[in-house]
Amino acid sequence: MSTEVLRNAFRRLFLFENLSDAELSLLLPLVQCRHIEKEAVLFNEGDPGDGVHFVLSGLVKVLRTSEDGREHILRIVQPGETFAEAILFTGRPYPASAVAATLCEIAYLPAEALEEAVKSSPALAVRLIRT
């Protein structure tokens, strides 16, 4: 995915919509884009919470599995939405699992990389806090 397409996609995400071009330029090189097949597991409940995910295309199910093995869908994430942002800056594991409901294109921003960007740019930190 081109940087310009990714920049436009991030401009529509609530977490990043108020960032300046310079601030976005700090983050975009840190983003990893990948195609995910239908029913592929992005992460499981309890896995280390290592980043925030963005749906660029397709649908993702965020779910929990009960002790008897039944899936309980908490949310269907659509293009232009984020998921797993609750773990940012906490070091906590993912509180639920995420599974591709359709063929998807996902952008992933590692939490560690975001933390380093925030440390290097107080203005970025302030804008993210205000979001």
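## Report on a predicted protein model

In this predicted model, strands β3 and β8 pair in the antiparallel sense over 6 bridges. Within this pairing, histidine 53 stands opposite tyrosine 108 in β8.

The two strands belong to an open sheet of 4 strands, whose order is β1-β8-β3-β6 and whose pairing is antiparallel. The edge strands of this sheet are β1 (32-36) and β6 (82-83), each of which pairs on one side only.

**Helices across the sheet**

Helix α1 (residues 3-11) lies across β1, β3 and β8, while α3 lies across β3 and β8. The table gives the angle at which each helix runs to one of these strands.

| Helix | Lies across | Angle to a strand |
|---|---|---|
| α1 | β1, β3 and β8 | about 105° to β3 |
| α3 | β3 and β8 | about 50° to β8 |

Which residues of helix α3 are buried? In this helix, which comprises residues 111-120, the buried residues are Ala111, Leu114, Ala117 and Val118. Seen down the axis of α3, these buried residues fall within an arc of 120°, so they line one face of the helix. On the other side of α3, the residues Glu112, Lys119 and Ser120 are exposed.

What covers the buried residues of α3? The cover includes two helices, α2 (21-27) and α4 (122-130). It also includes the strands β3 (51-57) and β8 (104-110).

**The protein as a whole**

The secondary structure of the protein comes to 4 helices and 8 strands. Read along the sequence, these elements follow the pattern α-α-β-β-β-β-β-β-β-β-α-α. The radius of gyration of the protein is 15 Å, close to the 14 Å that the globule rule gives for 131 residues, so the protein is as compact as a globular protein of that length. Along its principal axes, the C-alpha trace spans about 50 × 30 × 20 Å.

Of the 131 residues in the protein, 42% are buried. Among contacts with a separation of 6 or more, 70% are accounted for by residues 24 or more positions apart. The accessible surface of the protein comes to about 7200 Å², and carbon and sulfur atoms hold 51% of that surface.

How values were computed:
Residues numbered from 1 in each chain as written. Predicted model: local features only at pLDDT ≥ 70, side-chain atom pairs only at ≥ 80, totals over all residues. Heavy atoms only, no water. Buried < 20%, exposed > 50% of the residue type's maximum accessible area, 1.4 Å probe, protein only. Arc of directions from axis to C-beta. Contact = heavy atoms within 4.5 Å. Pairing = 2+ DSSP bridges. Axes fitted to C-alpha atoms, helices over the stretch in contact; angles between N-to-C directions. Rg over C-alpha atoms; globule rule 2.2 N^0.38 Å. Areas by Shrake-Rupley, 256 points an atom, 1.4 Å probe, with all protein chains shown as cover.
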